[in-house]
Amino acid sequence: MRTDIAQIVRLEDYRPSDFLIDRVELDVRLHPTATRVTATLALRPNPEGRADAPLVLDGDEVNLKALALDGRSLPGGEFEASPQSLTIAQPPRRPFTLTIETEIDPTSNTKLMGLYRSSGNYCTQCEAEGFRRITYFLDRPDVMAVYTTRIEAEREEAPVLLGNGNLVEAGAIEGTGRHYAVWHDPHPKPSYLFALVGGRLGRVAKSFTTMSGREVELAIYVEPGKEDRADYALDALERSMRWDEQAFGREYDLDVFNIVAVSDFNMGAMENKGLNIFNDKYVLASPETATDADYANIEAIIAHEYFHNWSGNRVTCRDWFQLCLKEGLTVFRDQEFSSDERSRPVHRIAEVKTLRARQFLEDASPLAHPVRPAQYREINNFYTATVYEKGAEIVRMLKTLIGPEDFRRGMDLYYERCDGTAATVEDFLDAFAEVTGRDLSHFARWYAQAGTPRVTVKGTYDEAARTYRLDFTQETPATPGQPTKEPMAIPVALGLVARDGSALDASGDRVNAQGVFLLDKASDSVTFTGVASRPVPSVFRGFSAPVKVSLDLTNEELLVLLRHDSDAFNRWQAAQTVAMRLLVDLSKGTSVPDAAIADFTSALRAFMEADALQDPAFAALAITLPGEADIAQEIGADVDPDAIHRARRHMRRHIGQACLETLQDFRRSLAETGAYSPDAASAGRRALRNASLDLLAAADAELGEALAGEQFASAGNMTDRLASLSVLTTLPGDAREKALAQFEERYRHEPLVLDKWFTLQAAIPEDGTLERVKRLMQHPAFSINNPNRVRSLVGSFAMLNQMQFNRADGSGYEFLADIVLRVDALNPQLAARLLTSFSSWRMMEKTRRGKAEQALRRIAGKPNLSRDVGDIAARSLEEQNA
Ligand code: PHE
Ligand code: ZN
């Protein structure tokens with residue numbers, strides 16, 4: 001274990017800053033390798049801080065050129081500067097001005113934090129602690145200032161200059177090739193929301209009238225020549241703005257809203273005030289280059305960043321422990337938006353699939369942590385599925401418990417009270433406690449206690465009394481630092497379904513008008529009266545809480561739900577549960593009667609014949625089996641990924657064979673001839689058609705190859721082209737290699753499309769894949785410096801290819817370790833992300849577990865690891881319940 005482990009930051013140690021900064025004036029003279037930044041800070045002692053404290057400003061690789069206090073150049077003896085900090089031991093105990101001149105090199109900034117260059121353009125990324133790479137600062141979110149930014153550059157190099165807020169002045173600098181722009185943001189903000197951009201960019205724009213009648217100019221900046229690919233994002237932005245006005249009464253508050261797409265970005269996008277910066281993958285789309293999933297992601301992320309303007313920017317976080325305050329809430333808001341724009345049940349299923357694949361996985365791993373962590377070594381490692389996705393589930397549960405009207409009233413009160421402040425989770429909950437008069441202290445445990453609760457449900461029918469009782473118990477497994485757990489407050493949305501499918505009008509005690517029962521003890525029960533016949537219970541409708549559920553229902557009973565539950569989520573869930581039972585047994589080598597599989601496939605066929613075409617998007621989800629990683633998670637220990645792969649293939653073949661005609665009918669009846677449209681209904685038809693193709697190929701490789709080949713040749717959009725190529729990649733042989741080569745040739749100049757090509761190949765479940773991935777790293781389109789490239793090739797191999805990443809010979813692990821170490825020297829955040837693919841190593845069978853541990857120890861033992869990678873490696877190796 002490393003001994004120089006970074007210092008631990010603890011929530012309980014929070015104290016207000018000793019100094020505040022009211023105004024920041026930045027003068028940035030852009031230069032490829034020597035950008036000059038002059039920061040003028042209006043500082044004053046914080047009345048809530050310590051009276052005699054030194055002034056300690058944060059820095060990160062900063063190079064100080066000059067320093068003045070109230071205009072007087074400071075002599076060396078009055079301050080101490082290092083790349084990491086600037087300290088003035090005896091600062092004035094009254095308001096004063098500090099002028100700091102620093103020099104930075106954006107070209108060699110491969111960490112993509114602070115000021116850096118992407119395709120020659122200048123841009124910034126400051127969340128969480130990147131502003132300190134631009135100048136010395138009190139780089140913490142509770143220090144909020146009003147910023148004025150002057151940007152200067154060669155006009156030739158950077159004709160476009162953008163900053164936060166509104167443009168106040170711009171012009172040429174006479175006699176030089178340089179020009180400048182001055183931006184002013186009237187809203188006080190933390191430094192992490194600062195941004196600037198300079199470069200050669202194309203632009204699309206439209207104007208938007210807010211609900212109070214103000215005109216706002218919306219603009220998206222992209223690589224010149226790709227303007228038409230930003231139309232969908234611009235439309236999504238407009239719809240997001242309208243939605244936030246209607247759903248939450250929130251209006252935009254500046255004269256312009258700018259979005260810039262860049263090709264090198266560590267995350268999805270960033271909500272800088274009035275100047276969002278996006279990974280171009282979440283802006284650019286055309287039918288020829290983007291899939292339906294890409295369109296849906298663009299819509300969701302555009303909305304997410306826009307919604308941050310209120311949940312994150314107007315109300316920001318007191319400290320980084322409160323990250324879920326902005327992220328969980330904003331994910332909830334973007335999910336609600338997408339649900340309103342698309343199909344709510346279909347979107348809910350997609351949300352839950354991601355939650356289980358990412359958050360449940362994390363919660364069961366050595367990296368498990370509460371939604372509001374109590375401590376961290378590196379905050380960048382806490383932009384996790386737990387903070388984002390489980391954070392959103394908590395907000396949704398709150399809404400379920402108090403109802404939509406009180407939820408809206410609570411949100412309004414929260415915004416009203418906390419506007420312009422840096423708030424906490426307590427401030428958020430207090431608003432809801434106040435409007436409802438409820439005590440939310442037990443509910444608040446969701447923020448503090450890690451781990452996924454398991455709820456066990458047993459039903460008992462009393463024929464004579466015509467009552468039906470549901471007994472619930474809950475238990476949460478130990479997680480790192482939390483060996484014992486308390487019961488959670490779990491909303492259970494439930495209902496009863498008659499076996500013949502008819503509605504059952506039974507009323508349960510302690511079930512509210514919305515059909516929700518609150519399970520807040522270790523065990524409890526609900527009794528329904530007036531139940532005419534033995535029902536099938538439908539619990540956790542709409543996935544009303546982020547828990548795992550054990551049901552004492554037979555497969556037969558579950559298949560009743562698939563056909564008859566009024567709750568679409570549980571119809572889907574029922575099929576998944578049955579499939580999962582069969583897949584787990586098959587994977588473990590437990591004998592599975594042919595009849596059990598046949599019962600399942602015929603129920604699926606009946607569903608397809610009767611219901612599928614009414615909602616193709618739903619049907620596509622219902623006929624898709626749980627993924628290999630989901631099955632591994634369900635098995636939980638001594639996992640053999642090869643056996644899981646075989647089991648899943650076996651099941652797919654059976655379904656394909658049993659439903660051959662129906663699937664072929666879908667292929668015909670869902671074929672579309674008109675122009676491509678990314679709307680949810682059209683996307684749903686394509687999804688069912690392509691899910692059918694996958695099952696047909698599993699049933700009959702020859703047929704699959706013929707159908708996929710035909711679709712590949714004639715596809716009129718990327719969704720269909722990629723889906724057919726994906727099926728072809730599962731079928732070894734010439735056809736596959738030829739199709740891959742054609743695709744490569746066609747999209748040679750489209751990096752984002754080649755990413756898909758990398759991903760498909762990295763996911764091939766065959767022995768040769770690791771060699772293929774290594775070969776592809778030499779491909780001219782690949783770059784170890786570009787996060788999208790690395791994630792689509794290396795990240796996909798580790799995350800999507802269960803069998804080949806977890807090879808018994810350990811070569812998959814060693815490969816990943818090599819890449820993590822290589823990337824760590826360039827971009828620690830990216831390296832740390834890749835390393836999290838080891839997080840479930842402990843559930844592998846013994847040989848693989850040993851190999852994974854070896855690779856992890858090799859990483860952990862290296863000197864000079866970044867704090868990001870050092871932290872993930874150390875936590876991954878920690879004893880689970882230590
Ligand atoms: N705050 C961004 C979001 O969720 C994510 C992000 C975090 C981006 C850190 C960059 C760096 O919208
Ligand atoms: Zn966010």
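Student: Which residues of H24 meet residues of H25?

Tutor: Contact means heavy atoms within 4.5 Å. Helices (H or I, at least four residues) are DSSP runs, numbered from the N terminus. In this predicted model, Leu816, Ile819, Val820, Val823 and Asp824 in H24 meet Pro828, Leu830, Ala831, Leu834 and Leu835 in H25. By class, this contact of H24 with H25 has 9 nonpolar, no polar and 1 charged residues; Ala, Val, Leu, Ile, Met, Phe, Trp, Tyr, Cys and Pro count as nonpolar, Asp, Glu, Lys and Arg as charged, and the others, Gly among them, as polar.

Student: At what angle do H24 and H25 pack?

Tutor: Axes are lines fitted to C-alpha atoms, for helices over the stretch in contact, and angles run from 0 to 180 degrees between N-to-C directions. Helix H24 (residues 811-824) and helix H25 (residues 828-835) pack at about 160°, with axes 7 Å apart. The two are therefore roughly antiparallel (angles over 145 degrees).

Student: Which residues come nearest to ligand 1?

Tutor: A residue is near a molecule if one of its heavy atoms lies within 4 Å of it. Of the 13 residues around ligand 1, Glu127, Glu271, Glu305, Glu327 and Tyr388 come nearest. A polar side-chain atom of glutamate 271 lies 2.7 Å from a nitrogen atom of ligand 1. For glutamate 327, an N or O atom in the side chain is 3.1 Å from a nitrogen atom of the ligand.

Student: What conventions apply here?

Tutor: Residues are numbered from 1 along each chain as its sequence is written, and chains are lettered from A and ligands numbered from 1 in the order in which they are written. Local features need pLDDT of at least 70, side-chain atom pairs count only at pLDDT 80 or more, and totals for chains, interfaces and linings use all residues, while side-chain values use heavy atoms, without hydrogens and water.

Technical notes: Angles under 35 degrees count as roughly parallel, over 145 as roughly antiparallel, 65 to 115 as roughly perpendicular and the rest as oblique. A polar contact is a pair of N or O atoms within 3.5 Å; within protein, one must be able to donate a hydrogen and the other to accept it, and residues adjacent in sequence count only if both atoms are side-chain atoms.
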